[in-house]
Amino acid sequence: MLTAFGTAHCGQRTTSRRLEKRCRDSRNRREPPNQPFVSALLHVAAKSPKWIFQSRRTVYLPQRVRWPLVVIGGGSAAAIQVLKGVTPPEDILVVSDRWGTGMAFMGEATLQSYAHELAVSSDSAELGRLLPVGGLRPTARIYDSYVRESMRAAGCELLTARVTDIRQAGDEFEVRVHGLREPLLAESVVLATGSAPRVPPPALREAGALSYSDVYRHQGRGDSGPWRGRSVVVVGAGNSAMQTAALVAPAARDVVVLANRYVGSYPVESSDRFAWRAPSQLTCELIVKGGRECRAGLPIPCVRHIVYDSLRVEGGELCFTYHEERNRTPLGAWSMPPRCDHTEPERAGEGAWRERRPLAETTVVWATGSVPLYPRCPLVDGLPRDASGTIVADDKGRTAVPGLYAVGACAGRRSVNETSPAIPTLAKSPQYG
């Protein structure tokens, strides 16, 4: 198996010039004149290191050119496809430019899902065995390590590279990766490329707004500078927004969560298990305690939750409006004027309010969820999408292109335990292998 995590199986190194010369000599001596370059490269790879230098980057060569299944992605969905799917791991090539989950940026933050909900193999207890005694939920760091090690031990072949193109070629697919001159061939391809946090809209980006992932990365470095002593406006309704609010609250001047709806806590206020989970409960407590104690001058972080009507940038200020009727909620009751001295709301009609924050003194954090990630190529770009931009795939992972599948977050699955492996057809020809 190729190790994309080290060089223990890569043999003895040689310089790029020597390796290219050996490839050229091998091709001239042993290969027919029109044989693809990759054949010579693989011939050399059989007797020498399984990597080459391309533009100062190490590219690991797969053991063969044709594969029954190529999985694109290096996170939990890819691991589920390898460990729970019908294709034997030794017949799978996994290609990714990074290994681990899309939650790695959260570092030591505790995830909201229980350990058994996050397992990537049929052994639902394996992740729980990695936790401290009494632990129910892993940190993002522990989970990221677990997924990477699961991939490493799965028995599939791992290729660290970026996919640049996928195209149909008869009954198979050509998968082109950066650093290899010739394409890899696959009978079936599974997209398991995950998702990434949404970025702020252009007007707010120009004003210095952050994504919630930026907040976690700053926090991981011990840096609260972007929000220390400033008003913080967190835009978002779900767990990402609520948990980010608690993260910035100790250093911020005050925090307001602007949501387009009231989600509520699971399972007390909502039966939706994607409603606010346990880590978000801290923010709920801060909102109520702050509402009681902020004016008393006690050192409690000032946090509010508001279901807003409009949000815009005008004249160097962030302006948002809201209505009392939409905020008759357990948290809204503690967030309406005149709740504290940190804001100076203006009346904007019967039961309506407007607040303005100078952008020079305000940090905006965008926490409105994630967007799916895909390789950019005509075949993938042309697949049907839903309203959120997610590729449409059925419960077996099938897309509109036969043989091309999508699983996990890039197929609209909201959690690991919603993710099932695609069920590709088995190889039709002995040429695969």
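Modeller: An axis here is a line fitted to C-alpha atoms, for helices over the stretch in contact, and angles run from 0 to 180 degrees between N-to-C directions. Helices (H or I, at least four residues) and strands (E, at least two) are DSSP runs, numbered from the N terminus. This is a predicted model, where local features need pLDDT of at least 70, side-chain atom pairs count only at pLDDT 80 or more, and totals for chains, interfaces and linings use all residues. Residues are numbered from 1 along each chain as its sequence is written, and side-chain values use heavy atoms, leaving out hydrogens and water.

Let's start with α6 (residues 212-220) and α7 (residues 239-248): their axes come within 10 Å and cross at roughly 35 degrees. In contact (heavy atoms within 4.5 Å), Tyr-212, Val-215, Tyr-216 and Gln-219 of α6 meet Ser-240, Gln-243, Thr-244, Leu-247 and Val-248 of α7.

After α6 comes Gly-222, with a positive phi near 75 degrees.

On to α7 and α8 (residues 278-293), which pack at about 60 degrees with axes 8 Å apart. That angle makes α7 oblique to α8, because under 35 degrees counts as roughly parallel, over 145 as roughly antiparallel, 65 to 115 as roughly perpendicular and the rest as oblique. Asn-239, Met-242, Gln-243, Ala-245 and Ala-246 of α7 make this contact with α8 residues including Pro-279, Leu-282 and Ile-287.
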